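Here's a short tour of one protein chain. Keep the model open beside you as you read, and look for each spot as it comes up.

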Amino acid sequence: VNGLLAVKSNYAYQNDIYLDIDFDAPLSEADISDQDMVSIVSNIIDNAFEAMCSDTRDYKKVLSVLSYSENDNLFIAVSNNGPQIPESNLSKVFNQKYTTKTTSVGRGYGLFIVKQIIEKNGGEITVTSTRENTEFLVKLKKKVKEKVSDSDFFN
């Protein structure tokens, strides 16, 4: 994921987007493969970049990626201040082949795949969108830490 974020940081810089990354909890705490984690983060960030880059309004574009831990879960929030997703589209964004792009060839699979990966790993994803902010919130189970008992030291 670090390599991915370095590449995304370069893209953000080239497109005048402020990329804010704040990991309060390491992504490695999630009970998910590195490949699946990269797919999730990459697809959500790419969608945000695409939305902001196609927006013709003049404003300071900001994309935030943060993580935090609560109880047995790791949360990843990816939010941006690009265009709002209309209320009528919020329930469709994870549907296979759903896209708002004019060229739909090969489109409409990213968020569908993200949701499939997350659910395969026992997690959840939600999206909220207002005029000020769109946020994708991913909830994943944390890895179970094995407890070490006193008898393990004496065997």
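## Starting at Asp55

Let's begin with a single residue. Skipping its neighbours within four places in sequence, Asp55 is in contact with Lys61, Gly82 and Pro83 (contact means heavy atoms within 4.5 Å). You'll find Asp55 in the loop between helix 2 and strand 2 (61-70). Is Asp55 buried or exposed? With a relative accessible area of 12%, Asp55 is buried. For these words, buried means under 20% relative accessible area, exposed means over 50%, and partly exposed is in between, using a 1.4 Å probe and protein chains only.

A quick word on what you're looking at: this is a predicted model, where local features need pLDDT of at least 70 and side-chain atom pairs count only at pLDDT 80 or more, while totals for chains, interfaces and linings use all residues. Residues are numbered from 1 along each chain as its sequence is written, and side-chain values use heavy atoms, with hydrogens and water left out.

## The whole chain

Zooming out, the chain has 5 helices and 5 strands. Starting from the N terminus, the elements go α-β-α-β-β-α-α-β-β-α. Helices (H or I, at least four residues) and strands (E, at least two) are DSSP runs, numbered from the N terminus.

Of the 155 residues in the chain, 35% are buried. Now take the contacts in the chain with a separation of 6 or more: 65% of them are between residues 24 or more positions apart.

The chain has an open sheet of 5 strands in the order 1-2-3-5-4, and the pairing is mixed. At its edges sit strand 1 (17-23) and strand 4 (124-129), each pairing on one side only. On average, neighbouring strands of this sheet are turned by 10 degrees against each other, direction ignored. The axes here are lines fitted to C-alpha atoms (for helices, over the stretch in contact), and angles run from 0 to 180 degrees between N-to-C directions.

How many bridges join strand 4 to strand 5? There are 6, and these two strands run antiparallel, with strand 5 covering residues 134-141. Two strands count as paired if DSSP finds at least two bridges between them.

## A pocket to find

The second largest pocket has a volume of about 200 Å³. On a 1 Å grid over the protein atoms alone, a pocket is an open set of points with protein on both sides within 12 Å along at least five of seven lines, and lining residues have an atom within 4 Å of a point. Grid points are joined across faces, edges and corners, and the volume is the space filled by probe spheres set on the points, with a 1.4 Å probe.

Among the residues lining this pocket are Val1, Phe23, Asp34, Met37 and Lys143. Helix 2 (residues 34-53) gives the largest share of the lining, 3 residues.

Most residues other than glycine have a negative phi. Asp16 has a positive one, near 55 degrees. Asp16 is in the loop between helix 1 and strand 1, and is exposed at 67% relative accessible area. Asn71 also has a positive phi, near 55 degrees. Look for Asn71 in the loop between strand 2 and strand 3 (73-80), where it counts as exposed at 70% relative accessibility.
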